[in-house]
Amino acid sequence: MKKILFAFLLFVIANNLNAQSKKAPVHSIKTELPAPQPLKIVFQLSTADTIIHQTFMSQLKNYLSVAPDMKVEVVCHGGGINFLLKDSSVAKDQIKLFSEKGVKFLACEFTMAKRKITKDQLLAEAGTVTSGVLEIARKQQEGWSYIKL
């Protein structure tokens, strides 16, 4: 009986050693990570505070300096609509410059209707969306990052 157990134990050990020698070394497995996708950020601007408007322009310049392929959309509603008005924007020149680099500036049509603002009162670089909040929600569904200013 002892001989049978000893033979069985030798068989198990030999089988394990053989199986281990057939495995590929861990260091030989190569994996490639996918290339990072360009950043996509939608900013919500709902304040009339011009200091925040000016600060945002400075920050946007910094962001684009390190991520020039970044996609940016700025959605303005509520008090933030002032940012895109010809007669009250403190960032007209910067909006024009960033718009030329592909940044989209959008005004909420619901806010425009409530405040009786026409499209003629908006900067030429401004587009419109029916609902600013729904635009932001759609962008988030599409994988855009969301930042409230």
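A pocket, on a 1 Å grid over the protein atoms alone, is an open set of points where a 1.4 Å probe fits, with protein on both sides within 12 Å along at least five of seven lines; its lining residues have an atom within 4 Å of a point. A volume here is the space filled by probe spheres set on the points.

Welcome to this predicted model, in which local features need pLDDT of at least 70 and side-chain atom pairs count only at pLDDT 80 or more, while totals for linings use all residues. Residues are numbered from 1 along each chain as its sequence is written, and side-chain values use heavy atoms, without hydrogens and water.

**The largest pocket**

The largest pocket holds about 210 Å³ of space. Its lining has 15 residues, and Lys61, Leu64, Leu97, Phe98 and Lys101 lie nearest the centre. By class, eight of the lining residues are nonpolar, four polar and three charged. At least two lining residues come from each of α2 (50-66), β2 (71-76) and α3 (92-100). The largest share, five residues, belongs to α2.

**The cysteines**

How many disulfides (cysteine sulfur pairs within 2.5 Å) does the whole structure have? The search finds zero.

| Residue | Relative accessibility | Class |
|---|---|---|
| Cys76 | 0% | buried |
| Cys108 | 5% | buried |

Technical notes. Helices (H or I, at least four residues) and strands (E, at least two) are DSSP runs, numbered from the N terminus. Ala, Val, Leu, Ile, Met, Phe, Trp, Tyr, Cys and Pro count as nonpolar, Asp, Glu, Lys and Arg as charged, and the others, Gly among them, as polar. A disulfide is a pair of cysteine sulfur atoms within 2.5 Å. Buried means under 20% relative accessible area, exposed over 50%, partly exposed in between (1.4 Å probe, protein chains only).
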